[in-house]
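The following note sets out points for a colleague to check against the model. Each point may be read beside the sequence and the coordinates.

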Amino acid sequence: MTAEAKAVAAAATTPATTPASPPLTERQEARRRRILHASAQLASRGGFDAVQMREVAESSSVALGTLYRYFPSKVHLLVATMQDQLQHMHTTLRKRPPAGDEPAARVAETLMRAFRALQREPHLADAMVRALTFADRSVSPEVDTVSRLTTAIILDAMGLDAPPTAEQLSAVRVIEHTWHSALITWLSGRASIAQVKIDIETVCRLIDLTAPEKA
């Protein structure tokens, strides 16, 4: 992984906090993980509407007021849940990286593997995507973290020998937007998995188009 990808990944895997927020203690981090696990479990069973803050608090054995100190709203909670799910995917992809010879093929394979992981939990995927759609400015740090983590996953799959150029980073952003859009259209029943695969493979060709010319 390049230094650029390492920096992006390091930023993306750090829970979003305000500059004045102290790091979580081990006990607080354990509590946060219980909350995210409860959120994912409820969303997996019934989607966005099934994630009620009181039920999350009960399932994670925390007081309701404590839950709101960690996550001010359900949208904050579900966006953080998506961050957590992407972190797990990133770890899995690092252990079993894509096998393609070309960067574009490796990125397409990586994104389709991530897509299929979400496909196995459609209610959870729908809840997280709806939260991203509903997110307002107050959720910007969490949304930015999701974006940075997605970028890190793509950069890792590209396997660049040098830091990405501005053109390559622009292509990564377009690929990221397309992947999220494909997820939305599939969840709404407006695209098949086959069509999603075609769209992902097509947009990943931008990686070849923006690759620096070899000397």
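Two definitions come first: contact means heavy atoms within 4.5 Å, and helices (H or I, at least four residues) and strands (E, at least two) are DSSP runs numbered from the N terminus. The model is a predicted one, in which local features need pLDDT of at least 70 and side-chain atom pairs count only at pLDDT 80 or more, while totals for chains, interfaces and linings use all residues. Residues are numbered from 1 along each chain as its sequence is written, and side-chain values use heavy atoms, with hydrogens and water left out.

1. Overall architecture. The chain contains 11 helices and zero strands, and its pattern along the sequence reads α-α-α-α-α-α-α-α-α-α-α. Of its 215 residues, 44% count as buried; buried means under 20% relative accessible area, exposed over 50%, and partly exposed in between (1.4 Å probe, protein chains only). Among contacts between residues at least 6 apart in sequence, 75% join residues at least 24 apart.

2. Helix 10. In helix 10 (residues 193–203), the buried residues are Val196, Ile200 and Val203. These lie on the same side of helix 10 because they cover an arc of only 70 degrees around the axis, the arc being that of the directions from the helix axis to the C-beta atoms. Their cover includes helix 6 (103–119), helix 9 (166–187) and helix 11 (205–209).

3. Trp179. This residue belongs to helix 9. Why does Trp179 count as buried? Its relative accessible area is 1%. Leaving aside neighbours within four places in sequence, Trp179 is in contact with Leu86, Leu111, Ala114, Phe115, Leu118 and Ile200. Ala114 is 65 residues from Trp179 along the chain, and their C-alpha atoms are separated by 9.9 Å.

4. Thr150. Helix 8 (residues 140–158) holds Thr150, which is buried with a relative accessible area of 2%. A polar atom of the Thr150 side chain lies 2.9 Å from the backbone oxygen of Val146. Apart from neighbours within four places in sequence, Thr150 is in contact with Leu86, Glu176 and His180.

5. Rolling a probe the size of a water molecule over the atoms shows where empty space is left. The search uses a 1 Å grid over the protein atoms alone: a cavity is a set of points where a 1.4 Å probe fits but cannot get out, a pocket is an open set with protein on both sides within 12 Å along at least five of seven lines, and lining residues have an atom within 4 Å of a point. Grid points are joined across faces, edges and corners, and a volume is the space filled by probe spheres set on the points. By this rule there is one cavity of 30 Å³ or more, and the largest cavity has a volume of about 30 Å³. Its lining consists of Leu86, Leu111, Ala114, Thr150, Ile153 and Trp179. Helix 6 and helix 8 are the elements that give two or more residues to this lining. The lining divides into five nonpolar, one polar and no charged residues; Ala, Val, Leu, Ile, Met, Phe, Trp, Tyr, Cys and Pro count as nonpolar, Asp, Glu, Lys and Arg as charged, and the others, Gly among them, as polar.

6. The second largest pocket. About 390 Å³ of space lies in this pocket. Its lining has 16 residues, of which Pro103, Leu160, Gln168, Ala211 and Pro212 lie nearest the centre. The elements giving two or more residues to the lining are helix 6 and helix 11. Eight of the lining residues are nonpolar, three polar and five charged.

7. Asp84. Asp84 is in helix 5 (residues 74–95) and is buried, with a relative accessible area of 7%. With which side chain does that of Asp84 make a polar contact? The partner is the side chain of Arg33, at 2.8 Å. A polar contact is a pair of N or O atoms within 3.5 Å; within protein, one must be able to donate a hydrogen and the other to accept it, and residues adjacent in sequence count only if both atoms are side-chain atoms.

8. Ser61. Most residues other than glycine have a negative phi. Ser61, although not a glycine, has a positive phi of about 60 degrees. Ser61 lies in the loop between helix 3 (53–60) and helix 4 (64–70), and at 60% relative accessibility it counts as exposed.
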